[in-house]
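Here is a short report on a protein model. Keep the sequence and the 3D view side by side as you read.

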Amino acid sequence: MKNRKTLIVAALVAALAVPAAALAAGSRSADGGRTLFIRSAVEHAGDTVTFPLYRGTSQGKTIWYIVLDSSNGNDASAKGVNTSQKLAHARGTTAVQRVTVTNGVVDFPASVDFSPQHIVQAPNGFPPTVFQAGAVGQVVNGVAYSPLIQLPDGTIENAPQIAFDANGDGTIDLATEAADKVVSLDVANRRVTYRETNGFARTNPVKYVSTDSSDPLAAALEDATLAPALDAAPFAGGDGTDSARASLAAFVNGQTGATNPQRQGLNSAVADGLDPLNILAWRPTQGRYSPLWDVHLAQWSAAAVAAGANTRQTEFDAVEQLAENGTITGPGGAPFRASGFIVDCPIVSQG
């Protein structure tokens with residue numbers, strides 16, 4: 001359900017720049033000693049994180065967005081976000097929106113409809129029988145919404161839109177004009193607080209934010225914006241420095257039970273109402289990192305499930321090894337491989 005609060009937004013916002021305190025240079029730790037990768041972020045208890053908020057325009061109306069990754073190291077450093085040089089491979093494709101910038105304000109060709117009701121109904125467990133994303137990227141004059149934007153100098157930023165003043169009345173209704181995962185929106189001080197997701201990368205627990213997905217079911221399960229244009233990012237199955245994507249494993253039949261230390265998977269997310277604990281192949285400090293996760297759906301073999309061997313996994317390489325020996329396949333016994341869709345999940349911190 002969407003939060004029904006309404007935020008009054010000042011008709012005129014004097015400052016366009018993000019306050020400097022949000023962009024303090026140098027690495028630092030998040031609450032609890034976690035290492036922040038997105039240095040402009042401030043994490044809080046309860047799996048929430050606050051980001052600098054940027055004002056943009058689309059179709060003559062105000063939109064609000066965040067920046068989480070950049071293909072340009074200098075741009076990433078200036079904004080306090082992750083560097084992902086691999087995003088440059090999406091340049092010139094329909095996976096990006098080519099934007100214009102006037103007096104520091106970015107104008108987006110297409111925006112997001114945040115009004116749909118988020119629905120996941122799974123009376124028989126995973127997969128859901130009825131599902132619907134709570135936000136849908138729009139297509140305007142042949143240009144499809146994507147969280148990836150191409151700046152005039154060619155830099156590719158991961159800049160998900162998180163609110164849209166649809167009525168042009170200077171107010172943002174969190175129920176119909178903001179992403180479901182927005183906890184609070186402070187346009188006067190340019191801050192947005194957003195819900196995080198727990199997962200693993202290189203055996204370490206990480207927190208990331210799920211903002212968009214190219215697949216309707218994934219967008220519904222992640223409570224993210226549906227952005228089919230992301231599928232044009234090169235290329236499916238590509239995890240190297242020649243691709244804009246990186247690999248992620250998501251189990252469909254891991255163990256369940258909210259208090260079970262071995263629980264993991266999309267079936268657990270549906271049954272237990274908790275994070276699926278997906279396994280991301282790379283950290284933002286590694287050259288093969290990208291926020292565009294090429295999802296590899298993973299299914300434990302019947303023998304592994306019967307033996308209780310379907311235990312929690314924390315490293316993508318280990319999942320690949322289990323696939324090589326036949327303990328894991330793709331859904332329905334298909335080969336374990338890229339499943340053909342993307343989730344946009346920038347990693348915020350590591351524990």
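The structure holds one cavity of 30 Å³ or more. A cavity is a set of points on a 1 Å grid, over the protein atoms alone, where a 1.4 Å probe fits but cannot get out. The volume of the largest cavity is about 40 Å³, where volume is the space filled by probe spheres set on the points. Lining residues have an atom within 4 Å of a point. Four of the lining residues are nonpolar, three polar and three charged. Here Ala, Val, Leu, Ile, Met, Phe, Trp, Tyr, Cys and Pro are nonpolar, Asp, Glu, Lys and Arg are charged, and the others are polar.

This is a predicted model: local features need pLDDT of at least 70, side-chain atom pairs need 80 or more, and totals for chains, interfaces and linings use all residues. Residues are numbered from 1 along each chain, and side-chain values use heavy atoms, without hydrogens and water.

Now the sheet. Five strands form an open, mixed sheet in the order β8-β7-β19-β18-β9. β8 (82-83) and β9 (97-98) stand at the edges with a single partner strand each, so one side of each has no neighbour in the sheet. Strands are DSSP runs (E) of at least two residues, and helices (H or I) of at least four. Two strands pair if DSSP finds at least two bridges between them. β9 pairs with β18 (residues 148-150) in the parallel sense over two bridges. Q97 has I149 in β18 as its bridge partner.

Next, the rings. The structure holds five aromatic pairs. Rings of Phe, Tyr and Trp (its six-membered ring) pair if their centres lie within 6.5 Å; planes under 30 degrees apart are stacked, over 60 edge-to-face, the rest tilted. Two pairs are set out here.

| Pair | Centres | Planes | Type |
|---|---|---|---|
| Y54 and Y65 | 5.4 Å | 25° | stacked |
| F316 and F336 | 6.2 Å | 40° | tilted |

Y54 lies in β5 (residues 54-58) and Y65 in β6 (residues 61-65), so their pair ties together parts 11 residues apart in sequence. Ring pairs link Y54, Y65 and F108 into a cluster.

Are Y54 and Y65 buried or exposed? Both are buried, meaning under 20% relative accessible area, while exposed means over 50% and partly exposed lies in between (1.4 Å probe, protein chains only). F316 and F336 are buried too.

Conventions: On a 1 Å grid over the protein atoms alone, a cavity is a set of points where a 1.4 Å probe fits but cannot get out, and a pocket is an open set with protein on both sides within 12 Å along at least five of seven lines; lining residues have an atom within 4 Å of a point.
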